Structures are given as structure tokens and as C-alpha cells.
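Here's a quick briefing to read alongside the model. Have the viewer open and follow along, topic by topic.

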Amino acid sequence: MKIYTKTGDKGTTSLYTGERVEKNCLRVQTYGAIDETDSALGIARAFSEVEDVREKIFALQKLLPRLMADFASLNRKPLITFDDIKNLEAEMDELENSLPPLREFLIPGNSKGGAFLDLARTTARRAERLACELSKAEEVHEVDKIFLNRLSDYCFLLMRREDLKS
């Protein structure tokens with residue numbers, strides 16, 4: 001099997017559920033931004049010097065294919081669940097309680113891992129903005145929008161944890 005299919009040569013792509021859409025439609029842009037977030041998280045994990053941060057990033061990365069599949073599908077039950085959000089919130093609460101109080105704006109770049117986590121945060125924010133725009137025209141599962149909102153906050157907390165070692 002070859003990597004290229006030629007089916008997208010005319011500017012369309014297939015959704016997970018089989019529908020053909022323009023490659024620049026909001027749905028594709030949204031799951032593309034989630035894919036970029038996953039790549040930034042992979043770089044952050046590669047550069048992270050804090051074992052628990054690497055583990056948390058890896059666990060998060062395992063959820064993102066399900067989130068992308070939700071946006072790449074039409075008329076399907078979401079794969080991301082409210083339990084996923086509860087679990088993420090519990091992780092965030094635990095992490096935030098272990099960090100010193102935030103007293104000033106942070107400038108990314110204190111560590112390589114932290115800088116890439118901030119990149120993941122901003123990319124997740126873009127995915128969220130795209131999902132909100134998409135929801136004005138098409139159905140978007142509420143659970144997916146909430147998860148995207150938590151995702152960027154979680155990346156911020158992971159960046160703070162990573163930068164503590166510096």
C-alpha cells in the first residue's frame with residue numbers, strides 16, 4: 001500500500017465517516033489544529049526533563065486521536081466523554097495544588113519542554129476558536145468544545161510544572 005492515494009489532489013479529503021469535504025473547511029481546520037497540538041506535545045515530551053510531565057503528556061496524547069476523530073466524523077456519538085473531562089480536571093486540580101501561586105504573567109522559554117508546552121497551549125486555543133466557529137454552522141459536540149478548553153489550560157499547568165525544575 002502506498003502512502004499517497006491521489007484522492008485529495010483536487011482539494012478535497014474524506015472525513016472518518018466517509019464524506020468528502022474541502023480541505024480548507026472549518027471541520028478539517030479544527031482537527032488539523034488538534035493534530036498540530038499533538039505534534040507540539042510530542043516535541044514537548046521529547047524535550048521535557050521532568051518524568052511526571054512526560055508521563056502526563058503521553059497520556060494526554062493518547063486522547064487526542066479520539067478528539068480528532070470526533071471532528072472528522074459526522075452524525076456519530078462523540079468518542080471523548082465527560083469522564084475524560086472529569087479525569088483531566090482531576091489531573092489539573094492535583095497539578096495546580098502542587099504549584100506555587102501564580103503572581104505574574106509568564107514568558108515562555110525558561111525550558112525547551114516548557115516552551116513547546118506553551119506552543120501546544122496556543123495551538124489548542126486556535127483549535128478551540130475554530131471549533132466555536134464551526135459550531136455556528138454545523139453540529140459540534142459540547143463535550144469536545146469543553147475538552148478543548150481544558151486542554152489548553154492543562155498545557156499551561158504542565159508548562160509551569162516543567163519550568164519549576166529550571
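Which residues line the largest cavity? They are A69, D70, S73, R76, K77 and L79. Before going further: this is a predicted model, where local features need pLDDT of at least 70, side-chain atom pairs count only at pLDDT 80 or more, and totals for chains, interfaces and linings use all residues. Residues are numbered from 1 along each chain as its sequence is written, and side-chain values use heavy atoms, with hydrogens and water left out.

**Cavity**
- The structure holds 1 cavity of 30 Å³ or more; on a 1 Å grid over the protein atoms alone, a cavity is a set of points where a 1.4 Å probe fits but cannot get out, and lining residues have an atom within 4 Å of a point.
- The largest cavity has about 40 Å³ of space, the volume being what is filled by probe spheres set on the points, which are joined across faces, edges and corners.
- Its lining splits into 2 nonpolar, 1 polar and 3 charged residues (Ala, Val, Leu, Ile, Met, Phe, Trp, Tyr, Cys and Pro count as nonpolar, Asp, Glu, Lys and Arg as charged, and the others, Gly among them, as polar).

**Helix α1**
- Helix α1 covers residues 26-47; helices (H or I, at least four residues) and strands (E, at least two) are DSSP runs numbered from the N terminus.
- From first C-alpha to last, the 22 residues of α1 reach 31 Å, close to the 32 Å expected (1.5 Å times one less than the number of residues).
- Buried residues in α1 include V28, Y31, I34 and L41 (buried is under 20% relative accessible area, exposed over 50%, partly exposed in between, with a 1.4 Å probe and protein chains only).
- The buried residues of α1 pack against β1, β2, α2, α4 and α5.

**S152**
- S152 sits in helix α5 (residues 142-164) and is buried, at 0% relative accessibility.
- Leaving aside neighbours within four places in sequence, S152 touches R121, A124, R125 and E128 (contact means heavy atoms within 4.5 Å).

**Salt bridges**
- The whole structure has 13 salt bridges (a side-chain nitrogen of Lys or Arg within 4 Å of a carboxyl oxygen of Asp or Glu).
- E36 pairs with R126 at 2.5 Å; E36 is in α1 and R126 in α4, so this bridge ties together parts 90 residues apart in sequence.
- E51 and R54 meet at 2.3 Å, N to O, and are about one helical turn apart in α2.
- K136 bridges to E133 at 3.6 Å; K136 is exposed at 67%, while E133 is partly exposed at 39%.

Key: On a 1 Å grid over the protein atoms alone, a cavity is a set of points where a 1.4 Å probe fits but cannot get out, and a pocket is an open set with protein on both sides within 12 Å along at least five of seven lines; lining residues have an atom within 4 Å of a point.
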